Amino acid sequence: MEGQDRQTPASEHHADIYGEDGAVRAPFLAQIGAAIADRDTITLKREVDDLHQSELGDVLEALHPEQRRALVDLLGADFDFSALTEVDEAIRLDIVDNLPNAQIAQAVQELDSDDAVYILEDLDQEDQDEILSQLPFTERIRLRRALDYPEETAGRRMQTEFVAVPPFWTVGQTIDYMREDKNLPERFSQIFVIDASFKLMGAIDLDQVLRARRAVKVEDIMHETSHAIPATMDQEEAAREFEQYNLLSAAVVDENGRLVGVLTIDDVVDVIQEEAEEDLLRMGGVGDEELSDTVLATSRSRVPWLLVNLLTAFLAASVISLFDHTIEHIVALAVLMPIVAGMGGNAGSQTMTVTVRALATKNLDIYNAARIIRREVGVGFINGIVFAVLIGMVAGFWFRDPNLGGIIAAAMIINMFAAALAGILIPLVLDRFKIDPAVASAVFVTTVTDCVGFFAFLGLATWWFRVP
C-alpha cells in the first residue's frame, strides 16, 4: 500500500536487516525475539522505529505468531499500523483480532484512508461499526463511503484525501490554500478542479502551478481529466487504465461524476501484483491461499479442485477401458500412452496460459481471435509433426516395431492439434459465458488432451493391428 519514507532511507535499513537472499537476517530476528522475550520495550522500539512499513511487514511475517502479537502489544501506540498492509491477510487478522477496537480506532486515524480501508475491510461488520463510531465525523464518513463500495473496485482502493479547488480561484489562492490547510494529503501530484456540486471539471499538475503566475485563474490552466475512473470499476480495469495511459494518479468519481477520491500509482502496483498472484494461484486450483494459512485451511481450499480432477481422471480412465483388450495383446501400448497424453497436456497448458493472459490484459478480443486461433493451431500442428518424428523413431527403435512408431507419431500429431484447439477455445468459451478462464480452463484442457490422446493412440493401434 502507501509507501511513506521515514527519517532514515529505506536502502540503509535494507542493508541492515536483509541477507543476500532477500530474507530478514536471522541475527536481526534473534535480537527482536530476545527483546520480546525480555519485554525490553526500549530495545524493541530502537530496532524497529526507523524501519519502513514494508520492512516491518517482513519482520512480522518472519516472527512466530506469539512473537508478532507480543511485538504489537509492547510497541503499543508506537506500532506502525501501515505495516499491516504489507502482510498476508491471515497475519493481519491474527494481529487485529487480538487488539481492542479502541486501539485500532486510534491507529487508523493516523493512516491514509486507503490504508485504513485495507485494514478495516477484513473485519466483521460489528467490529467495523464499533471502530468507525469512535472516529471523527468527517473521517468516519470518508471511510464508510469507501467501505460501501464492492470489494476489488477502485472505490475500495482509492484515497479519500485529495486537493480540490473551484475553477475561479487564482493560482495564488491555490498555493496559499495548500500551505495553510493541515488536512491535505502528505503527497500528491495533481490538484483537481470541481464545481459547486463537487462534479469533476478538470485537473492541474503541480508543475503547471509552479510555472504559472499567481494572478492566473485555475480554469485557464486546467486540463480535462479524460481518464477519470468510476468508483465501481473493477480494480484490475483501473490498473489497466494506468498502464495504458502512463498515469501517476487518477480521479475517482461516483455515478454522478462527483469527485470522491484519488487512485495513486503505488496502490495500482499492489493491485497488479495481487491480480497476477490471484490468476497464477487459480490456474493451479489453489484459490486465494496464502503461506500463512493453517494446514486445515490450506487443505480445505485445495480439496474441491482435486475432487474435480479426480472426476476427470475417471473420464480418461473410461476411455482407456474401451481398449483393455488391445492393451492385453500389445503391452507396449501401456508404456507409451502416457507420453501422448503428457505431451498433449503440456502443449495445451502452454496455449491456455498465453490465452488466459491475453484475455486478462484485453489483448485478445473478437477482432483478432480468428487470427490467434489460426496461429495456435498452426503451432500445434508443426510441433506435433516435430515431436511425432522424434517419438516415432524412439518408439520404433525401442520396441523394434516401426508400425508402433508410426502409430504413436500419428497419435501425437492428432493430440497436439487438439491441445492447441482446446488451449485457446476453452478459455474463450468460458470468458464468453462470464466464467473466469483462469479458474476453470486447466481442468477442461487436461481432460480433452488426456481423452483425445488415449483414444487416438489406442484407437489407431486397435485399427492397425486388427485386434479383435
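The model is predicted, so I start with confidence, where pLDDT is the predictor's own score from 0 to 100. The protein chain has a mean pLDDT of 90, and 95% of its residues reach 70 or more. One stretch to treat separately is residues 1-15, where the pLDDT is below 50. In the model, that stretch still has 41 contacts beyond near neighbours in sequence.

Next, a pair of helices. Two packed helices are described by the angle between their axes and the distance between the axes. Helix α3 covers residues 41-48 and helix α5 covers residues 65-75. Their axes are 10 Å apart, and the packing angle is about 100°. Angles of 65 to 115 degrees count as roughly perpendicular, so α3 is roughly perpendicular to α5. On the α3 side, the residues that meet α5 are Thr41, Leu44, Lys45 and Val48. Their partners in α5 are Leu71, Leu74 and Leu75. By class, this contact has five nonpolar residues, one polar and one charged.

Thr462 sits in helix α22, which runs over residues 437-464.

Last, the second largest pocket. Its volume is about 850 Å³. There are 31 lining residues, and the closest to the pocket centre are Ala107, Gln109, Glu110, Leu111 and Asp112. Elements giving two or more residues to the lining are α7 (101-108), α8 (113-120) and α10 (137-148). Which of them gives the largest share? That is α10, with four residues.

Note on methods
Residues numbered from 1 in each chain as written. Predicted model: local features only at pLDDT ≥ 70, side-chain atom pairs only at ≥ 80, totals over all residues. Heavy atoms only, no water. 1 Å grid on protein atoms, 1.4 Å probe; cavity = no way out; pocket = protein on both sides within 12 Å on 5 of 7 lines; lining within 4 Å. Points joined across faces, edges and corners; volume = space filled by probe spheres on them. Contact = heavy atoms within 4.5 Å. Axes fitted to C-alpha atoms, helices over the stretch in contact; angles between N-to-C directions. Parallel < 35°, antiparallel > 145°, perpendicular 65-115°, else oblique. Nonpolar A, V, L, I, M, F, W, Y, C, P; charged D, E, K, R; others polar.
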